[in-house]
Amino acid sequence: MSADKVKGHLDLLLLAILSTAPGHGYAVITQLRERTDGLLDLTEGAVYPALHRLEDLGFLASEWHPVNGRRRRLYRLTPSGHNALAHQRAEWQSLTQAIGNVVRSAPARTAEA
Amino acid sequence: MNHPDDSPIGFFLDDLFEATRALPPRDARYLLAETEAHLRDSADAAMADGAQSYEAELGALAAFGTVDDLVPRESRRIRMPLRRLAGQILRSAMLLGAIGAMTVGASGVAAGLIYLIGGASSIVTVPAAALTPQDCARWLSQQAAANCHQAALSDWAFETVYGRLAVGLAGVLLLIAYRSCKRRWPGNAGLTPMVTDTAAALAFAVAGLWTAGLGVDAMIVSGGQGAGQWLSAAPVALAATAVYCTRLAKRIRQEPVR
């Protein structure tokens, strides 16, 4: 899936991943790749400005910790971040349901060579 | 012998460091630290899968994206406050203004020497149309000159030399003010040295070539009359150009070799 398609939903993806446990940027990206079986093609560097923006918005908080001998910035969801995740998740579910209703009503047809 | 940081990731971080100089120091520092940890983690993972160090680093960088992708996104997020940008420009302008004014002062010293050797006519020319009766009366009342033209020459040469010396003195005062500001607000750096050195080298080069051209023109057209005011400025400006070009060349040579 192209980066453009992911970009609009990056905040939701990051909030969802960090809602399970705090993590640093590389771990977030690794989880994103693993949970989507590598389907989401994202430039890794793009994640950091997004994390920083979510922190500016108060949805994330960060602290520096040494992990495996390397100093890393660990991000965790704040209470506002949990609220934002719930809101964005509801929006996403409404959107996918609406799109699904339309797409499912179209007659299925196998692509011909 | 290669430096340990002479590696793809090391070079990338050098580029990132340079590109983040306009960001607030803390944001730049955090971004560098996070990026380095990320790239090393990514390269370590590739090496654990059997890749060689060099290929692992190249792979980590390819997945990460370019400095040109990353830094503008951070810049858009941060948006340097106008007040901070104005402070950077003001501080750099103070330094460059002080240096520029002191070079004008140095050209005043050179003009004074030319005046002592060649007299007032070597410094300035006075067109006949500029001599009004009122000016003549004033100049002749202030000095013992043979005629109005001589009095005008002396007055204008005096103004040229002492005017430049006054500008040079103002430059020294501005430099003192600059250093005082630097001590008082050490966190607010000026523009990057590459920018200020380039601006200074260009400004001095233009001034040097322009005044040299006018000086040569005066030598040819006016038989040297008034050439001193330009030829006193040109060597000083060209010397300053050479200093800033040398600084620039050193900075460029210090850039990591790829």
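What follows is a conversation about the terms used for this model and the values behind them.

Modeller: This is a predicted model, in which local features need pLDDT of at least 70 and side-chain atom pairs count only at pLDDT 80 or more, while totals for chains, interfaces and linings use all residues. Residues are numbered from 1 along each chain as its sequence is written, and chains are lettered from A and ligands numbered from 1 in the order in which they are written.

Biologist: How do you know how many helices and strands there are in chain B?

Modeller: Helices (H or I, at least four residues) and strands (E, at least two) are DSSP runs, numbered from the N terminus. By that rule chain B has 10 helices and 0 strands, and its elements, read from the N terminus, run α-α-α-α-α-α-α-α-α-α. Chain A, in turn, has 5 helices and 2 strands, in the pattern α-α-α-α-β-β-α along the sequence.

Biologist: Why is A:Ala16 called partly exposed?

Modeller: A residue is buried if 20 or more other C-beta atoms, placed from the backbone, lie within 10 Å of its own, exposed if 12 or fewer do, and partly exposed in between. A:Ala16, which lies in helix 2 (residues 10–20) of chain A, has 18 C-beta neighbours inside 10 Å and therefore counts as partly exposed. By this rule 27% of the 113 residues of chain A count as buried, while in chain B buried residues make up 31% of the 258 residues.

Biologist: How do you know that the buried residues of helix 1 of chain B line one face of the helix?

Modeller: The buried residues of helix 1 of chain B are B:Pro8, B:Ile9 and B:Leu16. Seen down the helix axis, they fall within an arc of 90° (the arc of the directions from the axis to the C-beta atoms), so they line one face of helix 1 of chain B. They pack against helix 2, helix 3 and helix 4 of chain B.

Biologist: What makes the length of helix 3 of chain B agree with expectation?

Modeller: The expected span of a helix is 1.5 Å times one less than its number of residues. The 12 residues of helix 3 of chain B should therefore span 16 Å, and its end C-alpha atoms are 16 Å apart, which agrees. In helix 3 of chain B, B:Ala56, B:Glu57, B:Ala60 and B:Phe64 are buried. Seen down the axis of helix 3 of chain B, these residues fall within an arc of 100°, so they too line one face. They pack against helix 1 and helix 2 of chain B, and just after helix 3 of chain B, B:Gly65 takes a positive phi of about 100°.

Biologist: What makes a group of residues a nonpolar core?

Modeller: A nonpolar core is a set of buried Ala, Val, Leu, Ile, Met, Phe, Trp, Tyr and Cys residues joined through C-beta atoms within 7 Å. The largest such core has 24 residues, and B:Ala98, B:Ile99, B:Ala200, B:Phe204, B:Trp230 and B:Ala237 touch the most other members. At least two residues each come from helix 5 (82–118), helix 7 (148–184), helix 8 (193–221), helix 9 (227–231) and helix 10 (234–254) of chain B, and helix 5 of chain B gives the most, with 8 residues.

Biologist: Which residues take part in the contact between the chains, and how many come from each chain?

Modeller: Two residues are in contact if their C-beta atoms, placed from the backbone, lie within 7 Å. The contact takes 17 residues from chain B and 15 residues from chain A. On the side of chain B that touches chain A, helix 2 of chain B gives the most, with 9 residues.
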